Amino acid sequence: MDRTEDTAALAARKDELAANLARVEERISSACASVGRAREEVTPIVVTKTYPASDVRLLAGLGVRHVAENRDQDAAPKAAASADLPLTWHFVGQLQTNKVRSVVGYADVVQSVDRLKLVGSLSSAAVRAGREVGCLLQVALDAEVGARGERGGVSPDGVEELAAAVAAAPGLRLDGLMTVAPLAGAYAGRQRAAFDRLVEISTRLRTAHPAATMVSAGMSADLDEAVAAGATHVRVGTAVLGARPRLG
Ligand SMILES: *Cc1c(COP(=O)(O)O)cnc(C)c1O
């Protein structure tokens with residue numbers, strides 16, 4: 001493309017993203033209104049995985065302040081290319097300990113903390129980098145007692161121990177909980193019940209950790225149920241950016 005076509009393509013993409021953001025905003029507002037919540041209680045996080053850094057830049061220009069990624073190898077270069085933008089970066093994917101050092105370099109919040117070993121690595125990396133990293137415990141509502149979810153996540157009975165470990169770890173801040181509505185098991189097809197359960201677990205968590213107020217739940221397909229249940233953060237990918245070009 002020459003420069004004129006390039007500029008036209010970017011302008012068209014910006015219009016598309018603006019229209020999609022407006023639709024998501026409308027959904028969040030009406031979900032808030034339907035249960036008497038104030039609109040400000042919910043923060044959208046735009047999941048930019050598989051989309052280029054140019055989209056991140058357009059989103060920032062449209063007022064988006066929170067973005068999320070799920071794979072370090074894609075996220076690291078995108079975050080580097082966006083370092084001048086006023087964005088908070090969330091990491092929402094399953095995290096291997098060998099990627100922790102890289103992730104801590106750009107992530108303000110890691111939403112997928114689901115095991116003690118990860119707490120140890122995140123803490124050492126955060127201390128070494130001189131950063132404070134916000135942590136959400138990813139809860140697998142369909143995991144058996146003492147097990148982890150298929151897509152990551154600690155089982156509800158493991159939340160207390162993991163929360164205590166994060167709260168005690170240098171360089172880490174316990175911010176709250178995250179979940180992905182289960183596709184199988186007792187909560188399959190029952191998003192609202194799943195999100196109600198997460199909010200219940202959050203209420204219990206806050207008796208010991210009052211500052212851990214974040215409840216990250218709901219994606220493009222079910223953000224309305226999540227907001228109605230009490231989510232403070234929704235993670236929206238396809239509803240803003242379009243159907244993903246490849247699995248991610
Ligand atoms: C991809 C992803 C999302 C966004 O999903 P959409 O259906 O595209 O809105 C949210 N949370 C996590 C953990 C993801 O990996």
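How far apart do the end C-alpha atoms of residues 21–245 lie, and how much of the span is helix and how much strand? Here is a friendly walk through the structure, point by point.

1. Please keep in mind that this is a predicted model. To take up the opening question, the end C-alpha atoms of residues 21–245 lie 19 Å apart. The stretch comes from an unreviewed UniProt entry, which lists residues 21–245 under "domain: Alanine racemase N-terminal".

2. Now for the charged side chains. Side chains of opposite charge can pair when their charged atoms come close. With a cut-off of 4 Å between a side-chain nitrogen of Lys or Arg and a carboxyl oxygen of Asp or Glu, the count comes to 15 salt bridges. One of them joins Glu69 to Lys78, with 2.8 Å between the closest N and O atoms. Both Glu69 and Lys78 are buried.

3. Asp108 sits in the loop between helix H4 (100–104) and strand E4 (109–113), while Arg131 sits in the loop between helix H5 (116–129) and strand E5 (133–138), so the pair ties together parts that are 23 residues apart in sequence. Asp108 counts as partly exposed because its relative accessibility is 27%. Arg131 also counts as partly exposed, at 27% relative accessibility.

4. Next, look at Arg173 and Asp175, which form a salt bridge with the closest N and O atoms 2.8 Å apart. Arg173 is partly exposed, with a relative accessible area of 32%, whereas Asp175 is buried, at 9%. Elsewhere, salt bridges that share partners join Arg13, Glu16 and Asp55 into one network.

5. Which residues are around the ligand? They are Val47, Lys49, Val92, Met219, Ser220, Arg235, Val236, Gly237, Thr238 and Arg244. Sorted by class, this shell has 4 nonpolar, 3 polar and 3 charged residues.

6. Finally, let us zoom in on the oxygen atoms of the ligand. Ser220 places a polar side-chain atom 2.5 Å from a ligand oxygen atom. For Gly237, a backbone N or O atom lies 2.8 Å from an oxygen atom of the ligand. Thr238 also uses its backbone, with a polar atom there 2.8 Å from a ligand oxygen atom. Taken alone, the ligand exposes 390 Å², and the protein buries 88% of that.

Methods: Residues are numbered from 1 along each chain as its sequence is written. This is a predicted model: local features need pLDDT of at least 70, side-chain atom pairs count only at pLDDT 80 or more; totals for chains, interfaces and linings use all residues. Side-chain values use heavy atoms; hydrogens and water are left out. UniProt positions are given in the numbering used here, feature names are shortened, and annotations may be inferred rather than shown by experiment. Helices (H or I, at least four residues) and strands (E, at least two) are DSSP runs, numbered from the N terminus. Buried means under 20% relative accessible area, exposed over 50%, partly exposed in between (1.4 Å probe, protein chains only). A residue is near a molecule or strand if one of its heavy atoms lies within 4 Å of it. A polar contact is a pair of N or O atoms within 3.5 Å; within protein, one must be able to donate a hydrogen and the other to accept it, and residues adjacent in sequence count only if both atoms are side-chain atoms. Accessible areas come from the Shrake-Rupley method with a 1.4 Å probe; for residues, only the protein chains shown count as cover. Ala, Val, Leu, Ile, Met, Phe, Trp, Tyr, Cys and Pro count as nonpolar, Asp, Glu, Lys and Arg as charged, and the others, Gly among them, as polar.
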